[in-house]
Amino acid sequence: LPSVVGDLTELLDLDISFNIISAFPPPILKLTALETLVIVGNSIPDLPEAVSQLIHLREFDCRRNAITDISVASRLPLLEKLQADHNSVHALDLALGQKLAKLSVADNDITQFVIAPGPVGISGMYSLTSLDVSNAKLSHLNDLAFERLISITSFKLDHNNCRRIPENIALLTHLEFFSCA
């Protein structure tokens, strides 16, 4: 990505999909007004900690890369939608930003799923309404995760290795769609 892109400081939407990019482009980190970032179909292995500077980002689509850790993106304060399907994520040990409503991490080799306590000031709960962890390698779910995700309305757990669903799934009183085929 040309460095001159970093000079487009008023840019709100950027799509650099399918460009054979092998590292997160540093010029993007200067685009602090960015609200939507799409980097689908590249070979990016990681997200630098400096992604946390993209504080106005509302949508981040990083599907079909080689990303191993999405935690820095999941904590962005205004992020509402994070799509990280088809990457190389093995462990979801996340603290979620206060506004994150939709998280999709399908088709990753996830074996661990832990949700840290919620942001300070909102009673430790999250705003997440849609979670897709289908086609992963989960063998169990952390009981505490449900206590922190009580706003979930859609939960996809298809094609995992879970042998039991924790009883405290009943805490998800807003759940409208649940799939664990």
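These are my notebook entries on one predicted model.

**Ground rules.** I number residues from 1 along each chain as its sequence is written. In this predicted model, local features need pLDDT of at least 70, side-chain atom pairs count only at pLDDT 80 or more, totals for chains, interfaces and linings use all residues, and side-chain values use heavy atoms, with hydrogens and water left out.

**Overall layout.** I looked up the secondary structure and found two helices and ten strands in the protein chain. Helices (H or I, at least four residues) and strands (E, at least two) are DSSP runs, numbered from the N terminus. I read the pattern along the sequence as β-β-β-α-β-β-β-β-β-α-β-β. Next I looked up the extent: the C-alpha trace spans about 55 × 35 × 25 Å along its principal axes. Of the 181 residues, 44% count as buried. Buried means under 20% relative accessible area, exposed over 50%, and partly exposed in between (1.4 Å probe, protein chains only).

**Strand 5.** I went to residues 91–94, where the side chains alternate. Leu 92 and Leu 94 point to one face and are buried. Strand 5 pairs with strand 7 (residues 112–115) in the parallel sense, over four bridges. Two strands pair if DSSP finds at least two bridges between them. Opposite Asp 93 I found Val 114 in strand 7.

**The core.** I looked up the largest nonpolar core, which has 51 residues. Such a core is a set of buried Ala, Val, Leu, Ile, Met, Phe, Trp, Tyr and Cys residues joined through side-chain atoms within 4.5 Å. Leu 37, Phe 60, Ile 70, Leu 103 and Leu 149 touch the most other members. Helix 1 (71–74), strand 5, strand 7 and helix 2 (143–148) each supply at least two residues of this core.

**Aromatic rings.** I found two aromatic pairs. Rings of Phe, Tyr and Trp (its six-membered ring) pair if their centres lie within 6.5 Å; planes under 30 degrees apart count as stacked, over 60 as edge-to-face and the rest as tilted. Phe 146 and Phe 155 are edge-to-face, 6.0 Å centre to centre with 70° between the planes. Phe 155 and Phe 178 are tilted, at 5.5 Å and 35°. Phe 155 lies in strand 9 (residues 154–156) and Phe 178 in strand 10 (residues 177–179), so this pair ties together parts 23 residues apart in sequence. Phe 155 counts as buried at 2% relative accessibility. Phe 178 is partly exposed at 31%.
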